[in-house]
Amino acid sequence: MEQITADRLADKLDAGESFTVVDTRSEDSYEQWHIPGAENVPFDPDDDFSDEQLDRVDTLADGQPVVAICGKGLTSTSFGFELERHGYDDVSVVKGGMEDWSTVYEAVPIKTESDELFLAQLQRRAKGCLGYVVGSRAAESAVVVDPTRQTDQFTLVAGEAGFTIDRVLDTHVHADHISGGRTLAETLDVPYHLGKEATDRDVASEYEPLADGETIEIGDVEIEALHTPGHTSEMVNYLVDGEALLTGDTLFVESVGRTELQFGDEDAATGAELLYESLHETILELPDDTTILPGHVSVAADGRYEVGSPGDPIAARLGNLRDDLDLLGLEKDEFVSRLTENAPEKPPNYERVIELNTGRDSLDDPAEATELELGPNNCAA
């Protein structure tokens, strides 16, 4: 049985090749999260391959090659063998299944006004997590912001650009994915930073706090920490050389951050009020030409980005968001009501993920980490 990697599947999808993706997981798993364009044909290797299943594949494929995928690449392999037994001669299986699909990345360069400044956005395609490498070309040094646990993706981008990573920064204690910030900093023996208010989050791991207005220098590039509570109490945004703002989960290009994960449903209004103030008294006070670079992009259940496309910059001009994003034009009371009355479903396992990201507990089993993170992010209000 031919196997292809998840990265190869992404390349085939992006190139517009003609083939049919068949997802063999249960209907519930498929409906919660699947690859763009994938069709669902549930299959259990312990059951017989039915004529109904074969007819459905015949209809879906319509003579095209078939790429089968499941959770880990096991059930889909048995499914592929059944198709071959029934005359299909162009079937491949995605190695590692949806688990590997969740670790596909694109590294996207971000245009900057300064020739000195290097900015790259790393997109975790299936989850919509966005992290950054910020570097000084003259100093050949960089910082990494909001790395995921696939830290090699960030060291690779920095290394290919000729940079040494000198610091690692998180915008906040993440709730939807396991941060790679502390691990990367320990591996490289460099400082790890959170906002000064992270003391309120019972963070057990070591970090160097950054106060509101405190500046880090990388060569001639300056990164200013701006305290922007709301999504969480310790959230900081990083203003890079006065031209780009790494907003974490404060402001996205299609929404704003939800506020009840830390504050709770009963006190979600407190977080919403804080977020309103952070948006209007800090972020919207910046020049219209400021480039907004968020920490996430919303991913639909069918795997498609709600805005933009994988491999394209997920970014917006602040002035455009000021005009186009309805939430930013609301009065405070209405803004708070919108955020507290229409909260989306909470990310799965978020309490456990927070325990890990604060260092209050550790994780030794990579399989558990994968299970905790499956599915797209759910950070937007």
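Which side chain meets D289 in a salt bridge? Select D289 and R317: their side chains meet in a salt bridge, at 2.9 Å from N to O. A salt bridge here is a side-chain nitrogen of Lys or Arg within 4 Å of a carboxyl oxygen of Asp or Glu.

**Before you go on**

This is a predicted model, in which local features need pLDDT of at least 70, side-chain atom pairs count only at pLDDT 80 or more, and totals for chains, interfaces and linings use all residues. Residues are numbered from 1 along each chain as its sequence is written, and side-chain values use heavy atoms, with hydrogens and water left out.

**Stop 1: the opening pair**

Stay with D289 and R317. D289 lies in the loop between α9 (268–281) and β17 (291–294), and R317 in strand β18, so the pair ties together parts that are 28 residues apart in sequence. Helices (H or I, at least four residues) and strands (E, at least two) are DSSP runs, numbered from the N terminus. D289 counts as exposed, at 57% relative accessibility. R317 is partly exposed, with a relative accessible area of 34%. The cut-offs are these: buried is under 20% relative accessible area, exposed is over 50%, and partly exposed is in between (1.4 Å probe, protein chains only).

**Stop 2: the six-stranded sheet**

Now show β13 to β18. These six strands form an open sheet with mixed pairing, in the order β13-β14-β15-β16-β17-β18. Its edge strands are β13 (215–218) and β18 (316–317), each of which pairs on one side only. Two strands pair if DSSP finds at least two bridges between them.

Zoom in on β15, residues 236–240. Is this strand mostly covered or uncovered? It is mostly covered: five of its five residues are buried. Color V236, Y238 and V240 for one side, then N237 and L239 for the other; all are buried, and both faces of β15 are covered. In a regular strand, side chains alternate between the two faces of the sheet.

β14 and β15 are antiparallel and pair over five bridges. Look for H227 opposite V236. A225 has Y238 as its bridge partner in β15.

On to β16 (residues 244–248), which pairs with β15 in the antiparallel sense over three bridges. Here V240 stands opposite A244. β15 and β16 form a hairpin with three residues between them. Select D241 in the turn: its phi is positive, at about 55 degrees.

**Stop 3: the five-stranded sheet**

Switch to β1 through β5. They form an open sheet of five strands with parallel pairing, in the order β1-β5-β4-β2-β3. The edge strands, each pairing on one side only, are β1 (2–4) and β3 (39–40). Select β2 (residues 20–23) with β3: the two pair in the parallel sense over two bridges. D23 stands opposite N40 in β3.

**Stop 4: β10, β11 and β12**

Show β10 (residues 164–169). Two bridges join β10 to β11, and the two run parallel. L169 stands opposite H193 in β11. Which residue of β12 stands opposite H193? Select E208.

**Stop 5**

A search of the whole structure finds 21 salt bridges. Pick D202 and R360, whose side chains meet in one at 4.0 Å, N to O. This pair links distant parts of the chain, 158 residues apart: D202 is in the loop between β11 (192–195) and β12 (208–210), and R360 in the loop between α12 (350–357) and α13 (366–373). R360 is partly exposed, with a relative accessible area of 38%.

Move to R352 and E368. Their salt bridge has its closest N and O atoms 3.2 Å apart. R352 sits in helix α12 and E368 in helix α13, 16 residues apart. R352 is partly exposed at 22% relative accessible area, and E368 counts as partly exposed at 29%.

**Last stop: a charged patch**

Select E266, D267, E273, E331, D333 and E334, which form a negative surface patch. Patch residues have over 30% relative accessible area and no salt bridge; like charges are joined within 9 Å, and nonpolar side chains (Val, Leu, Ile, Met, Phe, Trp, Tyr) within 5 Å. End on E334, in helix α11 (residues 332–341). At 43% relative accessibility, E334 counts as partly exposed.

Technical notes:
Areas by Shrake-Rupley, 256 points an atom, 1.4 Å probe, with all protein chains shown as cover. Lys, Arg positive; Asp, Glu negative; His and termini not counted. Charge placed at Lys NZ, Arg CZ, Asp CG, Glu CD.
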